[in-house]
Amino acid sequence: MSIPVAYGLAVLIWSTTPLAIVTSGDSLPPMAAAASRMALAALVGLPMLKLLGLNLPLSRRAFKSYLTAVIGIFGAMGVTYVAAQWIPSGLISVLFGFTTIMTGVLSHFIFPDSPMSHKQWIACGMGIIGLAIVFSDNLVVTGQGVVGVLLALLAVFFFSSSNVLMKRNGAGLHPLQQTVGALWCSLPFYTVAWFVAGTEVTWGEVSLLSAFSVVYLATLGSLVGFMAYFHLIANLPPAYVALITLITPVIALFLGSQLHNEPVTPEMLLGAGVILLSLLLFLSDNFIRLWQERRAKRS
């Protein structure tokens, strides 16, 4: 996979994933939609492994790595599907922009060799201000909006925790092996969650929109997207990869409003702008370092 293709796929898939999560709930309860997506992705992942000449490691170390990833695949994604009932897909994407900042904060406290700079702490403060602006929106503070935002932030915490713990528990597997193994390990958790939720599904009444969204998320969102992302991490400077987290919320807000008639209020736009600026400030050292390296090469 070429770098431009991988980058384009990552931006496209990450921009559309929140909207697809929302539309998958058109006729499916949250846990049913999430479990269906992960089960289909796990099944499709097995022949993909074989196609690439890979096996699925079953060692103790591999299982430890899979279960660490389950914190994100079940914890973060499961909570996100519930939150998507009450907040727009674009806002979900903006809130997930906090992942980079949250990962930095958790790494600061867990790994002594990953301290945050004063600039990055200021960026955290800016992010909180942006979040406060979002909470001032009548759309958020009425009904279940607050619950949706809090659940989305909990999902960010789970996803960031998984990212940080993977540094310690990762088994050095191929990205597809890691993804497929974690998907299979997540299925018992989704099965229990679906049972506890007590929601029944009449499969003959599932809408075409829900079915298409589940298939899209299973194949592209859960498999191709992760492969493209890990390919970029291995072949591009971190600053270039980090740009994706700045691009996708803007596209997601636009797609949600244009394709699904989701409301985009002034408070939401202002809050999103402040959050994205905080993310830009948090990542600014990476961009400065990249610019200095390119300048040094030219001279």
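In the predicted model, Asn261 is found in the loop between α11 (238–259) and α12 (266–298). Most residues other than glycine have a negative phi. Asn261, a residue other than glycine, has a positive phi, near 55°. Asn261 is also exposed, with a relative accessible area of 67%.

Helix α8 was examined next, through its packing with two other helices. Two packed helices are described by the angle between their axes and the distance between the axes. Helix α5 (residues 98–110) packs with helix α8 (residues 145–169) at an angle of about 50°, and their axes are 8 Å apart. Because an angle of 65 to 115 degrees would be needed for roughly perpendicular and one under 35 degrees for roughly parallel, α5 and α8 are oblique to each other. Their crossing is right-handed. On the side of α5, the residues that meet α8 are Phe98, Thr99, Met102, Thr103, Leu106, Ser107 and Ile110. Their counterparts in α8 are Leu153, Val156, Phe157, Phe159, Ser160, Ser161, Asn163, Val164, Lys167 and Arg168. By class, this contact of α5 with α8 consists of 9 nonpolar, 6 polar and 2 charged residues.

Helix α4 (residues 89–96) also packs with α8, here at an angle of about 40° and with the axes 9 Å apart. The two helices, α4 and α8, are therefore oblique to each other, and the crossing of α4 and α8 is right-handed. In α4, Leu91, Leu95 and Phe96 make the contact, meeting Val149, Ala152, Leu153, Ala155, Val156 and Phe159 in α8. The contact of α4 with α8 contains 9 nonpolar residues, with no polar and no charged residues.

Leu151 is likewise placed in helix α8. Leaving aside residues up to four places away in sequence, Leu151 touches Val79, Val82, Ala83 and Trp86. The C-alpha atoms of Leu151 and Ser24 are 18 Å apart in space, and these residues are 127 residues apart in sequence.

Aromatic contacts were then considered. A pair of aromatic rings is described by the distance of the centres and the angle of the planes. The count comes to 9 aromatic pairs. One of these is formed by Phe96 and Phe159, with 6.2 Å centre to centre and 65° between the planes, and is edge-to-face. Phe96 lies in helix α4 and Phe159 in helix α8, so the pair ties together parts that are 63 residues apart in sequence. Phe96 and Phe159 are also among the residues in the contact of α4 with α8. Phe96 is buried, at a relative accessible area of 18%, whereas Phe159 is partly exposed, at 25%.

The pair of Phe212 and Tyr216 has ring centres 6.4 Å apart and planes at 25°, and is therefore stacked. Both residues lie in helix α10 (residues 208–235), and because they are 4 residues apart there, about one helical turn separates them. Phe212 is exposed, with a relative accessible area of 58%, while Tyr216 counts as buried at 17% relative accessibility.

Note on methods. Residues numbered from 1 in each chain as written. Predicted model: local features only at pLDDT ≥ 70, side-chain atom pairs only at ≥ 80, totals over all residues. Heavy atoms only, no water. Axes fitted to C-alpha atoms, helices over the stretch in contact; angles between N-to-C directions. Parallel < 35°, antiparallel > 145°, perpendicular 65-115°, else oblique. Left-handed = near helix turned anticlockwise from the far one by under 90°. Contact = heavy atoms within 4.5 Å. Nonpolar A, V, L, I, M, F, W, Y, C, P; charged D, E, K, R; others polar. Phe/Tyr/Trp six-rings, centres within 6.5 Å; stacked < 30°, edge-to-face > 60°. Buried < 20%, exposed > 50% of the residue type's maximum accessible area, 1.4 Å probe, protein only.
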